[in-house]
Amino acid sequence: MNGNTLKRYQSQLKKLHAKQNVIRSELSDCQQRYNKIKSEITDIQTKINELSNNNKLIVSEHATIRVLERMFKINLSEINQQIIDEVLPLYTKLGDGTIPVKCIGLRAVIKNGVVVTVK
């Protein structure tokens, strides 16, 4: 092996060691970021588990609505139709927004053609 070949290999080795050191540093940074995210995931999962296992009973809005319909004989279809009948003329002219519903003394909030709430 001649001197030029030896120098070339030594130069290549030096460059490869430098690249290796850069990658080792990047790998350490990635490992730290990975461990941080892994810890955050564990914390969130713990909170989810605590909330899921607290034996607190919740009644859905759907269930409440069904009670109103069945026990108190409230006809939601009629109420919905009354709201539509009241707001449709103004909605046709103005579009989305807040429109008074005189029959119930409230205002309907309409977004994208849907009455999303009354206040």
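Predicted model: local features only at pLDDT ≥ 70, side-chain atom pairs only at ≥ 80, totals over all residues.
The largest one has six residues, namely Ile 83, Val 87, Ile 99, Val 101, Ala 108 and Ile 110. Helix α3 (76-94) and the strands β1 (97-101) and β2 (106-111) are the elements that give two or more residues to this core. In soluble globular proteins, nonpolar side chains tend to be buried together.

Now follow the strands. β1 and β2 pair in the antiparallel sense, over five bridges, and Pro 100 stands opposite Arg 107 in β2. The hairpin they make has four residues between the strands, and Gly 105 takes a positive phi near 70° there. On we go to β3 (residues 114-118), which runs antiparallel to β2 and is joined to that strand by four bridges. The hairpin of β2 and β3 has two residues between the strands, and Asn 112 in the turn has a positive phi of about 55°.

Finally, let's visit the surface. Val 67, Leu 68, Met 71, Phe 72, Ile 74 and Ile 79 form a nonpolar patch there, with about 520 Å² of accessible area together. Helix α2 (residues 61-71) gives the most to the patch, with three residues. Leu 68 lies in this helix and is partly exposed, because its relative accessible area is 34%, between the cut-offs of 20% and 50%.

Key
Residues numbered from 1 in each chain as written. Heavy atoms only, no water. Core = buried A, V, L, I, M, F, W, Y, C linked by side-chain atoms within 4.5 Å. Buried < 20%, exposed > 50% of the residue type's maximum accessible area, 1.4 Å probe, protein only. Patch = residues over 30% accessible without salt bridge, like charges linked within 9 Å, V, L, I, M, F, W, Y side chains within 5 Å. Areas by Shrake-Rupley, 256 points an atom, 1.4 Å probe, with all protein chains shown as cover. Salt bridge = Lys/Arg side-chain N within 4 Å of Asp/Glu carboxyl O. Pairing = 2+ DSSP bridges.
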